[in-house]
Amino acid sequence: MIPANGFDRILAPLHRWIWRDPQRRVQKLLRFGETEIDGGRDLLRAAEVTSNSLLRRLYLVHATDEHRHGVLFRRRAAELLRASASSSASAFQADWLTPGGHGLDDLEVGEESDDSMLAFLHLSEKSAASRFTVYRDVLQFDRPTQEVFDDILHDEMFHMNYTLTQLIRVSPERHRLHLWRARLSRLWKAYLRLATALAGVIGGLLLTIQYFVVLPLFAFFAKRAQRQDQTGWTPVSPERNNNSLSRQY
Amino acid sequence: MKILGISAHYHDSAAALVIDGVPICAVQEERLSRRKSDAAFPLSAIEWCLEHAGVEPDALDAVVFYERPMLKFDRILTCALRAFPRSWRSFPKAMKNSLGEKVWVRGIISSHLGVPASKILFTEHHQSHAAAAFLTAPTRRAAILTTDGVGEWATLSIGHGERRPNGATSIRLLREIRFPHSLGMLYSTFTAYLGFKVNEDEYKVMGLAGYGRPTMVDKVRKLIRRTPDGAFSLDLDYFEFHSTAARSYSSRFIDLFGPPRNAYEPINLETEEGRRFADCAASVQRVLEDTLVDIARALQKETGLPDLCLGGGVALNGVANSRVLAESGFERLFVPPAPGDAGCAVGAALYADRIHFGNVDRDVPDHPFWGPSVDGIELARIAAEDGQRVDELEERKVIDQTADDLAAGRIVGWMEGALELGPRALGHRSILTAPHAAEMRDRLNREIKYREQFRPFAPVVPIEDADRYFELPSGGARLARFMSGVFPVRPEWRGRLQAVTHVDGTARVQALERDMAPRLYALLHAYGERSGIPVLLNTSLNLAGEPIVNRAVEGYSTFLRSGIDVLIADRTRVTKRGSLLAKRKEEAECSRSVAEFNVA
């Protein structure tokens, strides 16, 4: 049994509320499916770039597990979709409130050393296991989905353990330092994700304002010009065939 | 003269290096980054090409990007304006997407490679396709037809190319059909409707079409109408790809064809719903073929030329290609091994060399093997570390032993020489098996490729024997060189070629010449001596969702994670000893108690 950390336990009522919504449940399972499969690909990459043969084998086992998790999540989502006979997505997914699996999306696998990779993996697995434990606990009303998390949590235990034992093996003197570095790195990346998301929202807002303030006049002319567009063949002028390749337009 | 070609930012980014008029190397970014259909700026591919050729960036005479970014931005902005105010959701995304990186290509190339901006050139997207198709084909004069989703504005272009006796080359595009009227977008819309990934899974629609009947052709023809001048236009009421980024088909499309497929549900062809999807696929496939054949036939009449060079992503549709060859009046049809955007890296570089710089034409080697080479020694080392059985064999022994394996029903991962450019495994990164029993196809789908049952596998056969097993029309062998055509399996052989015969009795055959891949050619003959049929099932060496393998270690990890029995890299042969992954997991589980202590 993997105990959930305090923060995840505090958020349990929020998780329960989110998972109760059938559409959000489907969307979250699908998202987890994608994340696990992506994480599996990154682990595969890690297996292919490491020069340590034991790590290569363990990463391959791990990658296979992640792929299987992705399939389990997707299969359960498909069952729920079939049951609800609806494929529409809820407008509000609340993903930022309840972060999902543990894809290695912002890790440049090829540039990580074995020890930093193991430290990163260990913390990711630990964090995901803690969160999945809470999800499993709040899903008492949906036994099949709960069983999916149960199944996955069994593997997560193995992933947490082997990453730590291997980290201690490859870096006996400095494994704690690597773990702290990985913690700080995760914190920094979380900040970057938040900042990027915020910048995206602000940028989107400004562009939307511009869209409605600046574009209407140009849209009017564009639509008027469109009426004169002819369908069918458009001749390519000889000049265009001879256009300088220096031009970007 | 050293010219680097680059395609990037939409799908299948790639780099290619042309030196003194001849391609030296080319590789897709996905093969190095291991992210399928990687669209990122192909820095790894560029680095590999330059390193492989021993060329420093400052020694390059030109770097050619495969399209004109500002013209593309013009189309995106114009479409947003025309769809005002419906485009309000997609506009911020489109602008952030374009203005973030895609329009600053000159600066990006310049900063990455350190070459002056004056050396950076831009071809038009369809010029790149045209050059990739014509300048790599062994023909002096040919009509050219390029068709894809969209480039800058053009979605389909026709023209002609000529290599003159004095070495001068010309490529002249005559007419084009412009966005949003697009055969590629029509097909991609059905790809999305059928629950597959756009720009990636179009071949699944083609495979599914074999199981359906074209009962909805009239409905599809409501979506695409022929114009009096012989072109076509889409009825945009059925589409949304031109106005939003969220969905490519409209509610009217759904009213016409019924609810779309849930991408997470398998297609069950036993059910009415499954058959409806198959019929949909068959109908759009038929309309695509009819339209292409009509346009090609008119082009043949107009130019009077016997050869046609076909480029663009739509040229990956082997069924349509075969009909174009059979019905358009062209005698020979040339489709390059990478007709999509990846091949544009080669096309852009060749276009700059022949047309922009006016260099004398040179013959381009007629093969697809432009990428990194595999290292058998690397495979031997990593497999030995894992305790696998590793044999280093002499050349003749590799062929004989592999033929024995195949005759014994084993599945062989086959890696040799340089990696292919393009989506097809043409004999250097392949999974090979006996092609006779349907059970082998099912085993491959189940244990190796983990993919839909309706997708067919392709055969490879020596070119001299191709006509014995497959009904190749005149010019068919050329089309089959790079697996670009689909042809009927002769009825008397279908029972013995079940694993490669599609439900409609056809196969996407590769007709192999000795010079292109001598070892595979020898293997086919050795297998033929044992089985009586020199035909093998040939599918790409990768698992579902992954790019084709490049290095030995990637082939090895594919071997470990799948039901492949034997892996060959050059003269190294590895056979599997039990389920290594399961054993390692058990071993690792034993250390749990120690680790739990540490976690606590």
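Helices (H or I, at least four residues) and strands (E, at least two) are DSSP runs, numbered from the N terminus. The model is predicted: local features need pLDDT of at least 70 and side-chain atom pairs pLDDT 80 or more, while totals for chains, interfaces and linings use all residues. Residues are numbered from 1 along each chain as its sequence is written, with chains lettered from A and ligands numbered from 1 in the order in which they are written.

Just after helix α2 of chain B, B:Gly54 has a positive phi of about 65°. Helix α2(B) spans residues 43–53, and its buried residues (20 or more other C-beta atoms, placed from the backbone, within 10 Å of their own) include B:Trp48 and B:Leu50. Among the elements covering them are β1 (2–7), β3 (22–28) and β13 (369–373) of chain B.

Chain B holds 23 helices and 24 strands. Its radius of gyration, taken over C-alpha atoms, is 24 Å, close to the 25 Å that the globule rule (2.2 Å times the number of residues to the power 0.38) gives for 600 residues, so chain B is as compact as a globular protein of that length. Buried residues account for 56% of the 600 residues in chain B.

An open sheet with mixed pairing (at least two DSSP bridges between two strands) has the order β1(A)-β8(B)-β7(B)-β6(B)-β11(B)-β12(B). Its edge strands are β1 (234–235) of chain A and β12 (332–334) of chain B. Strands β6 (residues 141–147) and β11 (residues 307–311) of chain B run parallel and are joined by four bridges. B:Leu145 is opposite B:Leu310 in β11(B).

Definitions and conventions:
Buried ≥ 20, exposed ≤ 12 C-beta atoms within 10 Å, placed from the backbone. Contact = placed C-beta atoms within 7 Å.
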